[in-house]
Amino acid sequence: MIPACRATPPADLVLRGGKIASVDAAFSIQEAVAVLGDRIVFVGSRKDAGRFIGPKTRVLDLEGKLVLPGLIDAHGHMYSLALELSHLNITGTKSHREIIDAVAEKAKTAKLGEWILGGRWDQNDWEDKAFPVHDPLSAVSPDHPVYLKRIDGNAAFANRKALELAGISRKTPDPVGGVIHRKKGGDPSGVLVNRAMDLVEAIIPKDSVEQYEQKILKAVEHCLSAGLTGWHEAGVTSEEIAVYKSLIDRQALKIRVNAMLGNERDPEPKGDLAAFFRDNRVENYGNHFLAVRTVKLFFDGALGSRGAAFFEPYADDSGNRGLLRITPDDIYRVSKAALETGMQVATHCIGIRGNRLCLEAYEKALRENPRKDHRFRIEHAQFIESEDVRKFAELGVLPSMQPTHCTSDMSFVEARIGPVRAGRGYAWRDFLEAGLIIPCGSDFPVESVNPLLGIYAAVARMDTNGRPEGGWHPEQRMTIAEAVKGFTIGAAYAAFQEDLLGSIEVDKLADFTILDRDILTAAHEDIPSTHVLYTIVGGRIVYERKGAKTRD
Ligand SMILES: [Zn+2]
């Protein structure tokens, strides 16, 4: 028998004086939370929280600020983000000269022979909209090879040193599927398109494990400052998972990762899949800092580059219905092995055809081996016919979606696929009405890491300038509660972690995101400018905004 008067052990941390959105089943609002170790031990009134405060308890008085369960991005790529953060950022340059100046500056401090990598230039932003020629670039960086990707990733600009190292000369023919831009006379101009980029990319030195770790940790800091307490890594190798384990062993990883096994550069599933899944499955590593129970597959392409697979051709490219990187049978074989080994499958599908064929492959495997709680996912699930929405619900497949993809794509969707198919895009309301949970993410670094931009896109379906007025296909908007659930309990559910994460309830892990504005009641247009004050993971403050106005 438990004595009724048992003393309450003092908590390590108490949050009070704010609005605490628990995101429990009733979406209840609470006044205080107490944390002992890495777990929540109390949620309730400010008065009752008093008995958890001892002499050593840290008390944060939140002065009306909003506390959410720790925000989780259900789809991101940490190493790609890390590369982007470590590279020279030449987004939005106004002239070719600005690139040269940025590289000249970087060359001053780079180690001898070190590569200068960077990206996101767009000659359409320059007064002279012509593609650049490498001579001025080569003049400011004669010893460092330079390689700068264009904004869409389909072209790059290299200097003389990089071209030499890659063996690209006037004699090099254009590779199949690629173009080497040339000056008059045939010498390479420095611009390489599509497969011609492979010639240089093949010789860029890979990061050592130590460099990889340093870059990941820097990217993680960026995510923590955006209020993320966890993310679902949408495709890593076993080697990369080993790096995460080693960071966790040294308590250097301050964010939780639910990693999906998969390699975009080698998407075809090969070998003994069941054995591979058994060897790599991780339920809980380092007190719930790492789980690996998902296989990531890359099926069709993306809409922007007309790779998303549709049944009918693109409206602006009449011979093209999109591409498939693997076969439906590959998805079936992986699903079969996953069902045998307790793994979840998450497949990248964007177009109507991609989604349909994937659902059919899932269905075939599930019919042979019905597992109730498989939680198979489709990543993106961007264009879906109504009957396929029903199929998601019938099979219990989760549409894992990125609200900012909608607001980034909406300006060109109709041009690509016409108004009818565009109307089947980013159909959040349809999925929710079919009873489905939508785990939400950003696909960073394709979109910004900032989950508040995702929440804003979900409720407004407008860009951050408020366009189009009233929202693009506003009938598909989410409510603010649905959007918050997508980035908390929905994401947790998609990782089989709803008993541990995703809401502020007793016994769950103490992960919180504290905001300076109540986004639950704020006008939509105020959501993007909301700041994260604190990010707390396992009871530990891992990010604190400078000058956060809460009293300690
Ligand atoms: Zn992705």
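Helices (H or I, at least four residues) and strands (E, at least two) are DSSP runs numbered from the N terminus, while axes are lines fitted to C-alpha atoms, for helices over the stretch in contact, with angles running from 0 to 180 degrees between N-to-C directions. The model shown is predicted, so that local features need pLDDT of at least 70 and side-chain atom pairs count only at pLDDT 80 or more, whereas totals for chains, interfaces and linings use all residues. Residues are numbered from 1 along each chain as its sequence is written, and side-chain values use heavy atoms, with hydrogens and water left out.

**View 1. Helices H11 and H12.** Helix H11 (residues 352-368) packs with helix H12 (residues 386-395) at an angle of about 30°, and their axes are 11 Å apart. Because angles under 35 degrees count as roughly parallel, H11 is roughly parallel to H12. Contact (heavy atoms within 4.5 Å) is made by Asn 355, Arg 356, Leu 359, Glu 363 and Leu 366 of H11 with H12 residues including Lys 391 and Phe 392. The residues of this contact divide into four nonpolar, one polar and six charged, where Ala, Val, Leu, Ile, Met, Phe, Trp, Tyr, Cys and Pro count as nonpolar, Asp, Glu, Lys and Arg as charged, and the others, Gly among them, as polar.

**View 2. Helices H7 and H8.** The axes of helix H7 (residues 209-225) and helix H8 (residues 238-249) come within 11 Å and cross at roughly 70°, which makes H7 roughly perpendicular to H8, a term that covers 65 to 115 degrees. On the H7 side, Val 209, Tyr 212, Glu 213, Ile 216 and Leu 217 meet H8 residues, among them Val 243 and Tyr 244. By class, the contact of H7 with H8 has seven nonpolar, one polar and two charged residues.

**View 3. The zinc ion.** His 75 (NE2), His 77 (NE2) and Asp 443 (OD) coordinate the zinc ion at 2.1 to 2.2 Å, donors being N, O and S atoms within 2.8 Å of the metal (3.2 Å for Na, K and Ca). Because His 77 lies in the loop between strand E6 (71-76) and helix H2 (78-86), and Asp 443 in the loop between helix H15 (428-433) and helix H16 (451-460), the pair ties together parts that are 366 residues apart in sequence. Both His 77 and Asp 443 are buried, meaning under 20% relative accessible area (1.4 Å probe, protein chains only).

**View 4. Helix H16.** Nine of the ten residues of H16 are buried, including Leu 452, Ile 455 and Tyr 456. The buried residues of H16 pack against elements that include E6, strand E13 (228-236) and H15.

Notes. Angles under 35 degrees count as roughly parallel, over 145 as roughly antiparallel, 65 to 115 as roughly perpendicular and the rest as oblique. Buried means under 20% relative accessible area, exposed over 50%, partly exposed in between (1.4 Å probe, protein chains only).
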